Amino acid sequence: LSYSWPILVLGIAGILNQTADKILFPKVYPGEDANVQLGIYGAVVKIAMIMALITQAFRYAYEPFVFGNSREKDNKETYAKGMKYFVIFTLLAFLCVMAYMNVLRYIIKSDYWEGLKVVPIVMAAEMMMGIYFNLSFWYKLTDKTIWGAVFSGIGCAVLILINVFLVPKYGYMACAWGGFAGYGVAMLLSYFVGQKYYPIDYPLKDMLLYTVLAAVLFVGITWVNAHLGFWLALVVNTVLVVVFLAYII
């Protein structure tokens, strides 16, 4: 019970992180079109859930692997490599979704396209949630799961506060940034506390280089989508994605 009840709290906080913004939105958004705005947000988030699917698939594969190899001498090096490749391939997925947004947007009706600007924010938030999952093994392996409840609770509180105070002014954009901030805070707390109790030498420089390159390419993709025609944008964006692939290789 001492090991598992914090994981229960962590799980509840995780569910709240996924749903609290949609529950709170119609209660705090002023005006009669709250449900309309919530509908737009809920529709465009479906595209961003591609990242959530990738993270969930990774989790199902990686968690048994970690616990099965927890007593190996080089396990910390393995966890560091796992984190690096998770970051690389989620950044690749992020760029692919952004590059082919002009195609993927047809998943939803054109009435909802005005909300597509939240997709990169929500995808980045889901990516940070995946990194937080990678960082969570230190307190699971050291039987300090109470830290997981603390980190998730703080992250959830940040998300709720941003929604309550900023949604009335900024609408569903505040929902997207609330999730980004909540997962970001939990991720950073888990990293810094984890380095004290279970230090792992993550390749931060390499991951930063990939992140900076992805950010630069994302800016390019955003400009291309806004200024070039449909087919030309697809060609140019494909080249930009290939640049990232080439750097990986």
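A residue is called buried when its relative accessible area is under 20%, exposed when that value is over 50%, and partly exposed when it falls in between. In this predicted model, Val9 has a relative accessibility of 34%, and therefore it counts as partly exposed.

Val9 belongs to helix H1, and together with Trp5, Ile146, Val150, Ile154 and Leu189 it makes a nonpolar surface patch of about 460 Å².

| Pocket | Volume | Lining residues | Classes in the lining |
|---|---|---|---|
| Largest pocket | about 700 Å³ | 25 residues | 24 nonpolar, one polar, no charged |
| Second largest pocket | about 490 Å³ | 23 residues | 12 nonpolar, nine polar, two charged |

In the largest pocket, the lining residues that lie nearest the centre are Leu91, Met127, Met128, Ile131 and Thr211. Helix H3 (75-99), helix H5 (119-135), helix H8 (172-197) and helix H9 (204-227) are the elements that give two or more residues to this lining.

In the second largest pocket, Leu10, Gly11, Gly14, Arg59 and Met129 lie nearest the centre. At least two lining residues come from each of H1, helix H2 (34-68), H5, helix H6 (137-141), H7 and H8, and the largest share, seven residues, is supplied by H1.

Technical notes. Residues are numbered from 1 along each chain as its sequence is written. This is a predicted model: local features need pLDDT of at least 70, side-chain atom pairs count only at pLDDT 80 or more; totals for chains, interfaces and linings use all residues. Side-chain values use heavy atoms; hydrogens and water are left out. Patches are made of residues with over 30% relative accessible area and no salt bridge: like charges are joined within 9 Å, nonpolar side chains (Val, Leu, Ile, Met, Phe, Trp, Tyr) within 5 Å. Accessible areas come from the Shrake-Rupley method with a 1.4 Å probe; for residues, only the protein chains shown count as cover. A salt bridge is a side-chain nitrogen of Lys or Arg within 4 Å of a carboxyl oxygen of Asp or Glu. Helices (H or I, at least four residues) and strands (E, at least two) are DSSP runs, numbered from the N terminus. Buried means under 20% relative accessible area, exposed over 50%, partly exposed in between (1.4 Å probe, protein chains only). On a 1 Å grid over the protein atoms alone, a cavity is a set of points where a 1.4 Å probe fits but cannot get out, and a pocket is an open set with protein on both sides within 12 Å along at least five of seven lines; lining residues have an atom within 4 Å of a point. Grid points are joined across faces, edges and corners, and a volume is the space filled by probe spheres set on the points. Ala, Val, Leu, Ile, Met, Phe, Trp, Tyr, Cys and Pro count as nonpolar, Asp, Glu, Lys and Arg as charged, and the others, Gly among them, as polar.
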